[in-house]
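Please look through the sequence and the model below before reading on.

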Amino acid sequence: MPLVRLDKFICDQGLGGRKEVRQIIKAGRVRLNGVTASAPDMKFDPESALVELDGSVLGYAKFRYYMMDKPTGVLTATRDGRQKTVLDLVTPEMRRMGLFPVGRLDKDTSGLLLLTNDGNFAHRVISPKSEVEKLYYAKVDGSPDADDCLAFERGIVLADGTRCLPAKLELLGASDCIVRVMEGKYHQVKRMLAARGKPVLELRRLAVGGLELDPALGPGGFRELTNEDLCRVFMGR
(Lines give C-alpha, C1' and ligand atoms only; values in the text may rest on other atoms or scores of the structure.)
Protein backbone atom coordinates (compact mmCIF):
# COMPACT_ATOMS: atom_id res chain seq x y z
CA MET A 1 0.00 0.00 0.00
CA PRO A 2 1.31 3.55 -0.75
CA LEU A 3 2.91 5.40 2.12
CA VAL A 4 0.93 8.23 3.70
CA ARG A 5 1.93 11.32 5.65
CA LEU A 6 1.30 11.21 9.36
CA ASP A 7 -0.62 14.50 9.45
CA LYS A 8 -2.87 13.42 6.56
CA PHE A 9 -3.52 10.07 8.23
CA ILE A 10 -4.73 11.77 11.41
CA CYS A 11 -6.78 14.33 9.48
CA ASP A 12 -8.49 11.52 7.59
CA GLN A 13 -9.70 10.14 10.92
CA GLY A 14 -11.60 13.39 11.43
CA LEU A 15 -9.47 14.38 14.41
CA GLY A 16 -8.66 17.89 13.29
CA GLY A 17 -7.62 20.15 10.44
CA ARG A 18 -4.11 20.02 9.00
CA LYS A 19 -2.87 22.97 11.09
CA GLU A 20 -4.38 21.59 14.30
CA VAL A 21 -2.97 18.10 13.67
CA ARG A 22 0.52 19.47 13.06
CA GLN A 23 0.39 21.18 16.45
CA ILE A 24 -0.73 17.92 18.06
CA ILE A 25 2.24 16.09 16.54
CA LYS A 26 4.73 18.79 17.48
CA ALA A 27 3.42 18.65 21.04
CA GLY A 28 4.62 15.03 21.25
CA ARG A 29 1.12 13.54 21.61
CA VAL A 30 1.50 11.10 18.70
CA ARG A 31 3.54 7.89 18.70
CA LEU A 32 4.41 5.96 15.55
CA ASN A 33 5.42 2.32 16.14
CA GLY A 34 6.07 3.04 19.79
CA VAL A 35 8.25 6.10 19.18
CA THR A 36 7.14 9.70 19.64
CA ALA A 37 6.58 11.18 16.18
CA SER A 38 9.08 13.88 15.33
CA ALA A 39 7.46 15.55 12.30
CA PRO A 40 4.05 15.86 10.58
CA ASP A 41 5.45 14.79 7.21
CA MET A 42 6.70 11.38 8.40
CA LYS A 43 5.54 8.68 5.96
CA PHE A 44 4.51 5.12 6.77
CA ASP A 45 2.39 2.18 5.66
CA PRO A 46 -0.97 2.63 7.44
CA GLU A 47 -1.82 -1.07 7.16
CA SER A 48 1.22 -2.24 9.13
CA ALA A 49 2.14 0.69 11.38
CA LEU A 50 0.85 1.42 14.89
CA VAL A 51 -0.27 5.01 15.41
CA GLU A 52 -1.27 6.27 18.85
CA LEU A 53 -2.74 9.59 19.91
CA ASP A 54 -2.58 10.31 23.64
CA GLY A 55 -2.18 6.57 24.21
CA SER A 56 -5.20 5.52 22.10
CA VAL A 57 -4.59 3.47 18.97
CA LEU A 58 -5.87 5.00 15.72
CA GLY A 59 -7.24 2.50 13.23
CA TYR A 60 -6.88 3.06 9.52
CA ALA A 61 -10.14 3.71 7.68
CA LYS A 62 -9.81 5.30 4.26
CA PHE A 63 -13.56 5.32 3.71
CA ARG A 64 -16.30 6.06 6.23
CA TYR A 65 -19.99 5.20 6.12
CA TYR A 66 -22.86 6.58 8.21
CA MET A 67 -26.63 6.41 8.36
CA MET A 68 -28.72 9.41 9.34
CA ASP A 69 -32.38 9.83 10.16
CA LYS A 70 -32.82 12.92 8.02
CA PRO A 71 -35.42 15.29 9.42
CA THR A 72 -37.75 17.35 7.26
CA GLY A 73 -36.76 20.95 6.56
CA VAL A 74 -33.11 20.11 5.88
CA LEU A 75 -31.44 20.02 2.46
CA THR A 76 -29.67 16.90 1.20
CA ALA A 77 -26.50 18.74 0.21
CA THR A 78 -22.97 19.33 1.44
CA ARG A 79 -23.38 23.11 1.73
CA ASP A 80 -25.86 25.89 1.08
CA GLY A 81 -25.48 29.58 1.68
CA ARG A 82 -29.02 30.09 2.96
CA GLN A 83 -30.46 26.84 4.29
CA LYS A 84 -29.37 24.13 6.71
CA THR A 85 -27.96 20.95 5.12
CA VAL A 86 -27.54 17.42 6.44
CA LEU A 87 -23.82 18.07 6.99
CA ASP A 88 -24.74 20.89 9.36
CA LEU A 89 -26.20 18.17 11.61
CA VAL A 90 -22.98 16.14 12.01
CA THR A 91 -19.86 16.81 14.08
CA PRO A 92 -16.99 19.03 12.89
CA GLU A 93 -14.78 15.91 12.83
CA MET A 94 -17.17 14.19 10.42
CA ARG A 95 -17.33 17.23 8.16
CA ARG A 96 -13.55 17.08 7.81
CA MET A 97 -13.84 13.51 6.43
CA GLY A 98 -15.22 14.77 3.13
CA LEU A 99 -18.60 13.08 3.59
CA PHE A 100 -21.42 13.56 1.09
CA PRO A 101 -24.99 12.21 0.82
CA VAL A 102 -25.62 9.04 -1.17
CA GLY A 103 -28.42 10.15 -3.47
CA ARG A 104 -30.89 12.65 -2.09
CA LEU A 105 -34.05 13.06 -0.09
CA ASP A 106 -36.24 16.10 -0.74
CA LYS A 107 -36.30 18.86 1.83
CA ASP A 108 -39.73 17.77 3.08
CA THR A 109 -38.86 14.04 3.03
CA SER A 110 -37.43 12.33 6.10
CA GLY A 111 -35.77 9.03 6.89
CA LEU A 112 -32.76 6.93 6.03
CA LEU A 113 -29.93 8.81 4.34
CA LEU A 114 -26.46 7.37 3.83
CA LEU A 115 -23.35 9.54 4.14
CA THR A 116 -19.91 8.49 2.89
CA ASN A 117 -16.66 9.64 1.32
CA ASP A 118 -16.56 6.55 -0.93
CA GLY A 119 -17.63 7.48 -4.46
CA ASN A 120 -17.69 3.91 -5.74
CA PHE A 121 -19.98 2.83 -2.91
CA ALA A 122 -22.33 5.74 -3.58
CA HIS A 123 -22.49 4.90 -7.29
CA ARG A 124 -23.32 1.26 -6.56
CA VAL A 125 -26.14 2.23 -4.23
CA ILE A 126 -27.65 4.76 -6.64
CA SER A 127 -27.27 2.88 -9.93
CA PRO A 128 -30.40 0.97 -11.03
CA LYS A 129 -28.06 -1.73 -12.36
CA SER A 130 -27.19 -2.66 -8.77
CA GLU A 131 -30.88 -3.30 -8.04
CA VAL A 132 -30.64 -1.81 -4.56
CA GLU A 133 -34.24 -1.31 -3.49
CA LYS A 134 -35.28 1.85 -1.65
CA LEU A 135 -38.33 1.49 0.56
CA TYR A 136 -40.59 4.44 1.46
CA TYR A 137 -43.65 4.99 3.59
CA ALA A 138 -46.07 7.46 2.00
CA LYS A 139 -49.26 9.12 3.16
CA VAL A 140 -51.24 10.41 0.20
CA ASP A 141 -54.30 12.47 -0.56
CA GLY A 142 -56.64 9.79 -1.76
CA SER A 143 -56.98 6.03 -1.48
CA PRO A 144 -54.52 3.90 -3.52
CA ASP A 145 -56.11 0.77 -4.94
CA ALA A 146 -55.31 -2.43 -6.82
CA ASP A 147 -55.20 -0.57 -10.16
CA ASP A 148 -52.47 1.69 -8.78
CA CYS A 149 -50.49 -1.36 -7.66
CA LEU A 150 -50.74 -2.85 -11.14
CA ALA A 151 -49.65 0.43 -12.74
CA PHE A 152 -46.56 0.50 -10.53
CA GLU A 153 -45.69 -3.06 -11.52
CA ARG A 154 -45.94 -2.15 -15.21
CA GLY A 155 -43.86 1.03 -14.83
CA ILE A 156 -45.39 4.42 -14.14
CA VAL A 157 -45.20 7.04 -16.91
CA LEU A 158 -44.63 10.48 -15.39
CA ALA A 159 -46.31 13.68 -16.51
CA ASP A 160 -43.35 14.62 -18.73
CA GLY A 161 -43.41 11.26 -20.48
CA THR A 162 -40.56 9.68 -18.50
CA ARG A 163 -41.13 5.97 -17.92
CA CYS A 164 -40.05 4.61 -14.56
CA LEU A 165 -38.78 1.11 -14.01
CA PRO A 166 -41.30 -1.37 -12.59
CA ALA A 167 -41.85 -0.71 -8.89
CA LYS A 168 -44.00 -2.01 -6.05
CA LEU A 169 -46.89 -0.34 -4.27
CA GLU A 170 -48.24 -1.96 -1.12
CA LEU A 171 -51.49 -0.77 0.45
CA LEU A 172 -51.49 -0.21 4.22
CA GLY A 173 -54.75 1.62 4.79
CA ALA A 174 -57.07 4.25 3.39
CA SER A 175 -54.28 6.70 2.54
CA ASP A 176 -51.08 4.93 3.66
CA CYS A 177 -48.82 2.85 1.45
CA ILE A 178 -45.34 1.45 0.96
CA VAL A 179 -43.38 2.19 -2.22
CA ARG A 180 -40.36 0.18 -3.37
CA VAL A 181 -38.17 1.54 -6.17
CA MET A 182 -34.73 0.71 -7.58
CA GLU A 183 -33.93 4.08 -9.12
CA GLY A 184 -33.87 7.66 -7.92
CA LYS A 185 -35.19 10.11 -10.47
CA TYR A 186 -35.93 13.66 -9.34
CA HIS A 187 -38.92 13.64 -6.94
CA GLN A 188 -39.63 10.17 -8.30
CA VAL A 189 -41.87 8.66 -5.63
CA LYS A 190 -43.92 11.85 -5.36
CA ARG A 191 -44.27 12.10 -9.14
CA MET A 192 -45.22 8.44 -9.48
CA LEU A 193 -48.02 8.74 -6.96
CA ALA A 194 -49.12 12.10 -8.39
CA ALA A 195 -49.35 10.44 -11.83
CA ARG A 196 -51.99 8.16 -10.30
CA GLY A 197 -53.90 11.09 -8.80
CA LYS A 198 -52.60 10.44 -5.28
CA PRO A 199 -50.41 13.44 -4.31
CA VAL A 200 -48.03 12.79 -1.43
CA LEU A 201 -48.68 14.43 1.92
CA GLU A 202 -45.85 12.74 3.83
CA LEU A 203 -42.86 10.69 2.68
CA ARG A 204 -40.28 8.83 4.74
CA ARG A 205 -37.53 6.44 3.59
CA LEU A 206 -37.35 3.36 5.78
CA ALA A 207 -34.70 1.17 4.14
CA VAL A 208 -31.97 0.97 1.51
CA GLY A 209 -31.48 -2.58 0.31
CA GLY A 210 -31.61 -4.78 3.39
CA LEU A 211 -30.47 -1.95 5.69
CA GLU A 212 -33.33 -0.54 7.75
CA LEU A 213 -33.34 2.82 9.46
CA ASP A 214 -32.22 2.49 13.08
CA PRO A 215 -35.27 3.57 15.13
CA ALA A 216 -33.02 4.61 18.02
CA LEU A 217 -31.52 7.52 16.07
CA GLY A 218 -34.41 9.96 16.02
CA PRO A 219 -34.65 13.00 13.70
CA GLY A 220 -31.16 14.30 12.90
CA GLY A 221 -29.47 11.38 14.64
CA PHE A 222 -26.68 9.41 12.97
CA ARG A 223 -24.26 6.56 13.56
CA GLU A 224 -21.41 4.85 11.74
CA LEU A 225 -22.28 1.71 9.80
CA THR A 226 -20.84 -1.64 10.82
CA ASN A 227 -19.47 -4.14 8.31
CA GLU A 228 -22.70 -6.08 8.73
CA ASP A 229 -24.69 -2.94 7.91
CA LEU A 230 -22.68 -2.42 4.72
CA CYS A 231 -23.40 -5.96 3.59
CA ARG A 232 -27.11 -5.43 4.20
CA VAL A 233 -27.19 -2.48 1.81
CA PHE A 234 -26.62 -4.84 -1.10
CA MET A 235 -28.89 -7.60 0.18
CA GLY A 236 -32.62 -7.90 -0.42
CA ARG A 237 -35.12 -7.57 2.41
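**Pocket, helix and core**

The largest pocket has a volume of about 390 Å³, the volume being the space filled by probe spheres set on grid points joined across faces, edges and corners; a pocket here is an open set of points on a 1 Å grid over the protein atoms alone, where a 1.4 Å probe fits, with protein on both sides within 12 Å along at least five of seven lines, and lining residues have an atom within 4 Å of a point. This is a predicted model, in which local features need pLDDT of at least 70 and side-chain atom pairs count only at pLDDT 80 or more, whereas totals for chains, interfaces and linings use all residues. Residues are numbered from 1 along each chain as its sequence is written, and side-chain values use heavy atoms, without hydrogens and water.

Of the 24 residues that line the pocket, Arg104, Tyr136, Gly184, Lys185 and Arg205 lie nearest its centre. Among the elements that each supply at least two lining residues is H4 (helices are DSSP runs of H or I with at least four residues, strands runs of E with at least two, numbered from the N terminus).

Helix H4 spans residues 119-126, and Phe121, Ala122 and Val125 are its buried residues (buried means under 20% relative accessible area, exposed over 50%, with a 1.4 Å probe and protein chains only). Seen down the helix axis, these fall within an arc of 100 degrees, so they line one face of H4, the arc being that of the directions from the axis to the C-beta atoms. Asn120 and His123, on the other side of H4, are exposed.

The largest nonpolar core has 30 residues, with Phe152 among those that have the most contacts inside it; such a core joins buried Ala, Val, Leu, Ile, Met, Phe, Trp, Tyr and Cys residues through side-chain atoms within 4.5 Å.
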